[in-house]
Amino acid sequence: MDTRITLTLDDAKKITAAAEAEARHNDWPVVIAIVDDGGHLLHLSRLDHAQFGSIEVAIQKARAAIAFRRPTKIWEEHVAEGRVRYLGLPGTLPIEGGLPITVNGQFIGAVGVSGVRSNQDAQIAQAGLDALLKSS
């Protein structure tokens with residue numbers, strides 16, 4: 001029997017805490033957004049001095065990562081390779097920093113980070129995911 005795993009608020013807080021720790025360690029002012037498997041915002045954290053424009057970007061990175069069940073870096077790479085048709089794909093955001101959250105092969109949500117360079121955003125997001133997986 002398959003048991004559906006859901007992303008809880010406690011899970012989102014664990015992810016956020018670890019992501020915040022990584023951001024603070026590097027003195028990176030970012031926004032961290034966690035969405036559930038339907039792309040609905042579950043938790044948002046805006047660190048001090050993070051630009052307000054990063055709020056919506058972080059949310060959209062997370063939504064894109066869960067909608068298509070892949071890191072947003074994939075679209076960034078496609079566009080960089082000249083495959084600009086991906087710019088017109090509804091719901092994508094071709095900027096690294098959105099990662100899907102999987103547990104036991106199930107997609108349960110996503111994390112999106114915005115505020116610094118996209119590879120740094122992804123580093124922060126990965127730190128959050130790593131913390132969740134260690135606690136599972």
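**View 1. Histidine 43, a buried residue in strand β2.** At a relative accessibility of 19%, histidine 43 counts as buried (buried is under 20% relative accessible area, exposed is over 50%, and partly exposed is in between, with a 1.4 Å probe and protein chains only). The model is a predicted one, in which local features need pLDDT of at least 70 and side-chain atom pairs count only at pLDDT 80 or more, while totals for chains, interfaces and linings use all residues. Residues are numbered from 1 along each chain as its sequence is written, and side-chain values use heavy atoms, with hydrogens and water left out. Histidine 43 has its place in strand β2 (helices, H or I with at least four residues, and strands, E with at least two, are DSSP runs numbered from the N terminus). Its side chain is joined to that of threonine 16 by a polar contact of 3.2 Å (a pair of N or O atoms within 3.5 Å; within protein, one must be able to donate a hydrogen and the other to accept it, and residues adjacent in sequence count only if both atoms are side-chain atoms). When residues up to four places away in sequence are not counted, histidine 43 touches Leu9, Ala12, Lys13, Thr16, Ile32, Ala33 and Ile34 (contact means heavy atoms within 4.5 Å).

**View 2. The open sheet of four strands.** The strands follow one another in the order β2-β1-β4-β3, and their pairing is antiparallel (two strands pair if DSSP finds at least two bridges between them). Strands β2 (41–46) and β3 lie at the edges, each pairing on one side only, and the twist from one strand to the next averages 15° (axes are lines fitted to C-alpha atoms, for helices over the stretch in contact, and angles run from 0 to 180 degrees between N-to-C directions). Five bridges link β1 and β2 in the antiparallel sense, and valine 35 stands opposite leucine 41 in β2. Valine 35 also has a bridge partner in β4, namely alanine 110, and β1 is joined to the antiparallel β4 by six bridges.

**View 3. The β3 and β4 hairpin.** Strands β3 and β4 run antiparallel and are joined by six bridges, and glycine 98 has glycine 112 in β4 as its bridge partner. Two residues lie between the strands of this hairpin, where asparagine 104 takes a positive phi near 50°. Seven of the nine residues of β4 are buried, so this strand is largely enclosed by the rest of the structure. Isoleucine 108, found in strand β4, is buried at 2% relative accessibility. Beyond the residues up to four places away in sequence, isoleucine 108 touches Ile5, Leu7, Val35, Asp36, Asp37, Ile101 and Val103. The C-alpha atoms of isoleucine 108 and arginine 69 are separated by 9.8 Å, although these residues are 39 residues apart along the chain.

**View 4. The largest nonpolar core.** This core holds 20 residues, of which Val30, Ile32, Ile34, Ile101, Val111 and Ile124 touch the most other members (a nonpolar core is a set of buried Ala, Val, Leu, Ile, Met, Phe, Trp, Tyr and Cys residues joined through side-chain atoms within 4.5 Å). The elements α1 (9–25), β1 (31–36), β3 (98–103), β4 (106–114) and α4 (118–135) each give two or more residues to the core. Apart from its neighbours within four places in sequence, valine 111 is in contact with a set of residues including Ile15, Ile32, Ile34, Ile101, Ala125 and Leu129.

View 5. Helix α4 lies across β1, β3 and β4 and runs at about 10° to β3.

**View 6. The one aromatic pair.** The structure holds one aromatic pair (rings of Phe, Tyr and Trp, the last by its six-membered ring, pair if their centres lie within 6.5 Å, with planes under 30 degrees apart counted as stacked, over 60 as edge-to-face and the rest as tilted). The ring centres of phenylalanine 68 and tryptophan 75 are 5.3 Å apart and their planes stand at 75°, so the pair is edge-to-face. Phenylalanine 68 is partly exposed, at 25% relative accessibility, whereas tryptophan 75 is buried, with a relative accessible area of 2%.
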